[in-house]
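Hello,

Here is the structure I promised to pass on to you. Have a look at it first, and my notes follow just below.

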Amino acid sequence: MTGIGLGATMAQGVPLFGRDISVEEALTPVDIKLKKKMADVALNAARAKGATYTDVRIGRYLNQVIATREAQVQNIANGESYGMGIRVIANGSWGFAATDNLDNDSIARAAEMAVAIAKGNSKLLTEPVQLAPQKGFGEVSWKTPLEINAFEVPIKDKIDLLLKVNSEAMLAGAKYVNSNIFMVNEQKYFASTEGSYIDQDVHRIWPTFTVTKIDPAGGKFETRNAFSTPMGMGFEYLVPKESEKIKGGPVTMYKKRYDMLEDVKEAAVHLTEKLKAKPLQPGKYDLVLDPSHLFLTIHESVGHPTELDRVLGYEANYAGTSFLTLDKWESKKFNFGSKQVNVIADKIEPGSLGAVGYDDEGVKCGTWDIIKDGILVNYQTIRDQAHILGLEASQACCYADSWNSIPFQRMPNVSLAPGKAALSAAEMVKGVEKGIYMFGRNSYSIDQQRYNFQFSAQLAYEIKEGKIVGLLKDAAYQSNTQEFWNSCTQLCGQSDYRLGGTFSDGKGQPSQVSAVSHGSSTTRFNGVNVINTGRKI
Amino acid sequence: MAILSKEEAQAILKKVLSFSKAESCELSLSGSDGGNIRYARNAVSTAGQISVMSLSVSSTYGKKTGMASINEFDDVSLQKVVKRSEELAMLAPENPEFMPLLGAQTFPESPTFNAKTAAITPDTRAEMVLKSLQVSKAAKLEAAGFLENATEFRSVMNSKGLFAYNKSTDVSFSVTVRNQEGTGSGYIEQGFNDLDKMDTLTLSKIAASKAVGSAGAKAIEPGKYTVILEPLAASDMLGNMFRGFDARSADEGRSFMSKPGGGTRIGEQLFSDNVSIYSDPMHPEVPSATWSADGIAVNKTQWVEKGVVKNLSYSRYWASQKGVAPIPFNRSIVMEGGTQTLEELIKSTEKGILVTRFWYIRSVDPQTLLLTGLTRDGTFYIENGEIKFPVKNFRFNESPVIMLNNVEALGKPVRTGNGMIPPMKIRDFTFTSLSDAV
């Protein structure tokens, strides 16, 4: 599942997680020596009570949200959440406890509570936890590579940018505009009885807007969301760079630098066209899917069904299970997609939301194949799952969204490898007789085993005999995951490759969110069923 | 510490107000204390106990407001959070939509708190889950479920004399039962304020019987069908619609509640005349707080009467712009129904589909409120008043507005989520494709 984009749904209040703090307070990290000392208190206390394994996450989670509409600032908020989560194995069972009171006694008490819960749960155990081996790394650190720490940029500069975005939209005839910047900094310290003390400083940013135009005569309205994407970057993402733009098509697209002012002006033009767009004739079309749209289809139809905990049934009561059962993987010949389809999982791609040095159980991050030449070859695992696949090590997919959340298997970046030939999107369009070229995420829905899905786009252009002829309205495609990926016939080259992503992928009970990116180049799918979603009330 | 009495909350809030130097100050203090157990593959996977309390301070000078919050309650921390909100207020731009604070009022107490629910322990939860596991294990089925309970309090105070307090309890349970072959699946979820109403054994048996009954589903052609929606399925459709009962977005022309040519659809017959929906914070089955976060009294409100839209929610600001009284949003909706049971609705159906649950509902078109989603965990074909066989899951594309124009019959409302929702018999419900998912 993926939460609805906050930017699009923002009205009066802005959701904020954690308590508010001043900017200057956010910029002073907690002393690393103190963090090691606190971690050792927990590790020793758990060991003394009989834990055979312990890990500790000391997390300081900072958030800043600036929200505006038209000429006014709706909200400026700084949030912080700080505390420690302790996870243990005792009597072969997991136990977890957390505390935001970080004196030695409270930490020791939380560690003891985690052991007590583990021992209590062990009575209901069917088999003991089996952890993949993991060496300790000693004292190491990792930081999101960034040029400008977004938390150091004055609030006024951010407000000025957003209000300028809004005024550009209004000048171009918009009736309403909302714009926001979300910034996240996870200062996360991990320690375990394997001998790791890992200090990480993780940054994410998401600028976005929704522009609305109204046709009062027809009583219709249309919206267009920003073609930005959440990134694992600093404020430099908002410093435009010509070399990071792809121009020439009906939409300017952005790689690792985003031009918010340019995009909002284009959005206003698109809206005028959207209000006049002709209704889709339902039928089979060849789809040309831009990465700003395709990322979500990858997320839902490839990312989620290859989560091993879903495959095994641990998410059956909430997100669901998966059609990619172990027998399909064991057969080594399950045709997930056409031969051109290569899907790679990674936790390291620069600028991506999934990129960290180590996951939340101290495993060094890397990259691996999930779909190779169209065949299902692997899943996503953490330490207590690796043995199920006969793997010698975890794939570093463990994440908890807060110091007080239990870490579990979360999706890494799951990306579609670009084609080998240097094909551009414009060249791809030329080869399409009857097709639709889609940009941007919109409505999305998929079943609990990830077979049947329906997606729509921010912009859907009709292609006739190799030419873009205009915008269509009410177009949504419905397909079956395996059928869809087997209809993949052509992929643009590396120069068209871009990331898309979400801040709010939801999973687990109680629900936790995680941020994840999905890369791809523009990709063609032949003969996909497209329905008309227009109705009258 | 997390659950304060009215007097304890009032004492802390008064102390915080005494630190305020702003022109006006608004405080919100809330806490919750609860726990959960998660299980899957017939064994407990995780369990937790969570206790949190936080204070939020909003200080205003003129129309400039700053907000800060904190989860520490010593005097120094309380002084710090007040000061921080005042500093942020000085830095903030003017908010043209700022509304002056409301003064003292009295609010009735609604029956949201139950002492037995508040006394739930980890052992109570374990026993309740064990009952569920007994059902699945005895029937050689696999259960995955989640049990959660919480006691919460919320209180607000402002420098104009407003004070309000509410304490509530909630226990919720859901379980998915699947057969070992993975060809059948059943689900149930239920929430109550009162623990005595929660019977995890009976609920798990219902989910188990759906798991067994839904095995070996046949594919039938998608298209328009008469459907019987169990209250859970109906509730998800209504919830998606009810979020749009907002006057401002309707007036602004960007909602299905916008009237073509301007204004809202208040007064318009938008649904069948057997559709009536209201909310009432004093309703014994779905009680809710009698005041909103900004201090407006929450009263019984008729949203739809005999198919006519009677009210939309108005924020204080929007109400002042439109010259009407503010109406707070209330999620605890009650849809009036009839006296028929689900079984009686089925019996009266010549041909149709019984939908027990919808899944992954998303908006496709906000103008018509077209939604898409899928059936899940037990879908059945009805012929001549009887369930004939399980059918494969469908994807639907349907608007709840259109759906509520096609209401053939309504059954007896039952508590579903935060509302009272009847089972419904709807004609011409649009299924657009099949899914292989179980």
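**How the chains meet**

Where chain A and chain B touch, the contact takes 63 residues from chain B and 47 residues from chain A; two residues are in contact if their C-beta atoms, placed from the backbone, lie within 7 Å. Strand E2 (residues 43-61) of chain B gives the most to the chain B side, with eight residues. Helices (H or I, at least four residues) and strands (E, at least two) are DSSP runs, numbered from the N terminus. By class, that side of chain B has 25 nonpolar, 26 polar and 12 charged residues. Here Ala, Val, Leu, Ile, Met, Phe, Trp, Tyr, Cys and Pro count as nonpolar, Asp, Glu, Lys and Arg as charged, and the others, Gly among them, as polar.

Before you read on, please note that this is a predicted model, in which local features need pLDDT of at least 70 and side-chain atom pairs count only at pLDDT 80 or more, while totals for chains, interfaces and linings use all residues. Residues are numbered from 1 along each chain as its sequence is written, with chains lettered from A and ligands numbered from 1 in the order in which they are written.

**Inside chain A**

Chain A is split into domain 1 (6-275) and domain 2 (278-532), with bounds from an automatic or database domain assignment. Their centres, taken over C-alpha atoms, are 22 Å apart. Domain 1 of chain A brings 50 residues to the contact and domain 2 of chain A brings 47 residues. Several elements supply at least two residues each on the domain 1 side, including strand E1 (53-69), strand E6 (196-215) and helix H6 (260-275) of chain A. The largest share, six residues, comes from E6(A).

E1(A) is mostly covered, with 17 of its 17 residues buried (20 or more other C-beta atoms within 10 Å of a residue's own, all placed from the backbone). Strands pair if DSSP finds at least two bridges between them. E1(A) runs antiparallel to E2(A), with 17 bridges, and antiparallel to E5(A), with 15 bridges. A:Ala67 faces A:Asn75 in E2(A), and A:Ile58 stands opposite A:Tyr189 in E5(A). The hairpin of E1(A) and E2(A) has two residues between the strands, and A:Glu70 in the turn has a positive phi of about 45°.

**The cores**

The largest nonpolar core has 187 residues, and those with the most contacts inside it are A:Ile436, A:Ala460, B:Leu27 and B:Val57. Such a core is a set of buried Ala, Val, Leu, Ile, Met, Phe, Trp, Tyr and Cys residues joined through C-beta atoms within 7 Å.

Best wishes

Methods: A residue is buried if 20 or more other C-beta atoms lie within 10 Å of its own, exposed if 12 or fewer, and partly exposed in between; C-beta atoms are placed from the backbone.
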